[in-house]
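Welcome to this short tour! Open your viewer, get the selection tool ready, and follow along one stop at a time.

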Amino acid sequence: MFTFIARSAVLLVALLCLKAQAAPILFLSPAVQTAPWQSPVTVDLMISGLKSEDPAQVLGGFDVSLSFNPAYLSLASVDFGPFLGGPGETFDLVEEDLSSPAASIVRLFSVSLLEVSDSACIFCTGPYLANLQGDSFALARLTFDWRAPAPGVTTIDFASATLADGFGAIIPIAELIPAQVQIPEPAAPALLGLGLFLLARARRGGRASPQRARTHTPPRCWK
């Protein structure tokens, strides 16, 4: 019996340590993409691994800064996700620093005005953060425009990141995963279209040749 109790105690301590070490991941999605030439580039700022049995483990706000190369991309728009609340239920801020020619910084700041859950507030009414959030959801969607005159590869990376739960306590972050965007060769789509057009034209010409031959066959002479 003593051995069973001792092993159970060790297992319980191990589980508590694993739960304490659990931390969410911030990542940009898609992690790798090849966007069409001169088309908008869309990247989602995502979080995963946050939801747990504890209702306090919800996201109450975030302060994330992303860096990108202004020679390749320019920020067009930022749309915050609905998982911290709808219009009038959050305080959102977007700041862009273009002072450095090597790397532009865009800061995304959002704080929810909603309560964590119905158990955390007696006289409050929903919606509650615990009901809005799942294990993985988008914090914001960023749209960029191309600026590069030539093909290449550029990275959108994390400059800094801070998360807070529904009570204002800091949430540790396990990992930050950037995104890579490839700019294709501008002439490639045009050359491909031209090649398909010439191939289709050659096939039509090949099918039309026997018809022309039959049409211009000289008439037979009858005796």
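Leaving aside its neighbours within four places in sequence, which residues is D44 in contact with? Keep that question in mind while you get your bearings. What you have open is a predicted model.

**The whole chain**

Of its 223 residues, 30% count as buried. Now look at contacts between residues at least 6 apart in sequence: 74% of them join residues at least 24 apart.

**First stop: D44**

Select residues 41–48, which make up strand β3, and pick out D44 within that strand. D44 counts as buried because its relative accessibility is 14%, and the cut-off for buried is under 20%. Now for the opening question: beyond those sequence neighbours, D44 touches F27, L28, S29, A140 and R141. Show the side chains of D44 and R141, and you can trace a polar contact of 2.7 Å between them.

**Second stop: L129**

Next, select helix α2, residues 129–132, where L129 is found. Is L129 buried or exposed? With a relative accessible area of 1%, L129 is buried. Show what surrounds L129: leaving aside neighbours within four places in sequence, its contacts include V58, L59, G60, F83, L84 and G166. S112 is another of the contacts of L129. Try the distance tool on this pair: L129 and S112 are 17 residues apart in sequence, and their C-alpha atoms are 8.4 Å apart in space.

Key. Residues are numbered from 1 along each chain as its sequence is written. This is a predicted model: local features need pLDDT of at least 70, side-chain atom pairs count only at pLDDT 80 or more; totals for chains, interfaces and linings use all residues. Side-chain values use heavy atoms; hydrogens and water are left out. Buried means under 20% relative accessible area, exposed over 50%, partly exposed in between (1.4 Å probe, protein chains only). Contact means heavy atoms within 4.5 Å. Helices (H or I, at least four residues) and strands (E, at least two) are DSSP runs, numbered from the N terminus. A polar contact is a pair of N or O atoms within 3.5 Å; within protein, one must be able to donate a hydrogen and the other to accept it, and residues adjacent in sequence count only if both atoms are side-chain atoms.
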